[in-house]
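I set out to record what I looked up in this structure, one entry at a time. The sequence and the model come first, and my notes follow.

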Amino acid sequence: MVLPRVLLSDDRALKALAAARGWYLSEAAANLINVGLRHADELPDDLPQRLPHVESTSLTARIPLDDDRAVRAVASERQRSISAVSGALLSLGLRYRNEIPGQIPAQYNIVERPLTKAS
C-alpha cells in the first residue's frame, strides 16, 4: 500500500477515470502506477522532494507487492519519498492510460451505414 501525493489536476483526472470505468479510486490508482512503472525511465530527473499541500492531495492505493517493491526501489534510487515517486508514476500512468491492462481498444475506422428502414 502506498500513499501517493498527486497534483489536484491529476486527482481530478484519476477520479474521472475511476468513475468512467466503474472502479474504486484505489484500483484506478494501482493500475495507473503499474502503467507508470512500465515507463519509469521517462520520470524527470528532478522530482520534487515534496509537493505543496495547496496544490496536491494524498490518497491510498493498494498496489501489488511487486509494484510496491519497484516503487520503493525507484524512490531509493532517486532519494525521494515513496509518496512523491508514486504520485509521479501515477501522473505518468495518466499520460499512458490507454495501456491499462484489460481494456479492449475501440475500433473507430468502421463507418456506419445510414438506416434504410425503420425497425
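**Entry 1: Asp-68**

In which helix does Asp-68 lie? I found Asp-68 in helix H3, which covers residues 65-78. I note at the outset that the model I am reading is predicted.

**Entry 2: The chain as a whole**

I next turned to the secondary structure of the protein chain and recorded 4 helices and 2 strands. Read along the sequence, these elements follow the pattern β-α-α-β-α-α.

How much of the protein chain is made up of buried residues? The chain has 119 residues, and 35% of them are buried. I also looked up how far apart in sequence the contacting residues are. Of the contacts in the protein chain with a separation of 6 or more, 85% join residues 24 or more positions apart.

**Entry 3: Helix H1**

I examined helix H1, which runs over residues 8-21 and has 14 residues. From its first C-alpha to its last, H1 reaches 20 Å, close to the 20 Å expected at 1.5 Å a residue.

Which residues of H1 are buried? I noted Asp-10, Asp-11, Leu-14, Leu-17 and Ala-18. These residues cover an arc of only 125 degrees around the axis, and they therefore lie on the same side of H1. On the other side of H1, I found Arg-12, Ala-19 and Ala-20 to be exposed.

I then asked what covers the buried residues of H1. The cover includes strand E1 (5-7), helix H2 (25-38), strand E2 (56-58) and helix H4 (82-95). Just after H1 comes Gly-22, for which I recorded a positive phi of about 75 degrees.

H1 and H4 pack with their axes 10 Å apart, at an angle of about 55 degrees. That angle makes H1 oblique to H4. The crossing of these two helices is left-handed. On the H1 side I listed Asp-10, Ala-13 and Leu-14, which meet Leu-90, Ser-91 and Leu-94 in H4.

The axes of H2 and H4 are 7 Å apart, and the packing angle is about 85 degrees. H2 is therefore roughly perpendicular to H4. Here Ala-29, Leu-32, Ile-33, Val-35, Gly-36 and Leu-37 in H2 meet a set in H4 that I wrote down as Ser-86, Leu-89, Leu-90, Leu-92, Gly-93 and Leu-94.

At what angle do the axes of H3 and H4 cross? They come within 9 Å and cross at roughly 115 degrees. This makes H3 roughly perpendicular to H4. The contact involves Val-71, Arg-72, Val-74 and Ala-75 of H3, together with Ile-82, Val-85, Ser-86 and Leu-89 of H4. I recorded the crossing of H3 and H4 as right-handed.

**Entry 4: Gln-79**

Where is Gln-79 found? I located Gln-79 in the loop between H3 and H4. Most residues other than glycine have a negative phi. Gln-79, although not a glycine, has a positive phi of about 55 degrees. At 63% relative accessibility, Gln-79 counts as exposed.

I looked up Leu-3 and placed it in the segment before E1. Its relative accessibility is 49%, so Leu-3 counts as partly exposed. Not counting residues up to four places away in sequence, Leu-3 touches Leu-59, Thr-60, Ser-83 and Ser-86. I also noted the separation between the C-alpha atoms of Leu-3 and Arg-62, which is 8.8 Å, although the two residues are 59 residues apart along the chain.

Finally, I found Pro-52 in the loop between H2 and E2. At 38% relative accessibility, Pro-52 counts as partly exposed. Pro-52 and Val-6 are 46 residues apart along the chain, and their C-alpha atoms are separated by 10.0 Å.

Technical notes. Residues numbered from 1 in each chain as written. Predicted model: local features only at pLDDT ≥ 70, side-chain atom pairs only at ≥ 80, totals over all residues. Heavy atoms only, no water. Expected span 1.5 Å × (residues − 1). Buried < 20%, exposed > 50% of the residue type's maximum accessible area, 1.4 Å probe, protein only. Arc of directions from axis to C-beta. Contact = heavy atoms within 4.5 Å. Axes fitted to C-alpha atoms, helices over the stretch in contact; angles between N-to-C directions. Parallel < 35°, antiparallel > 145°, perpendicular 65-115°, else oblique. Left-handed = near helix turned anticlockwise from the far one by under 90°.
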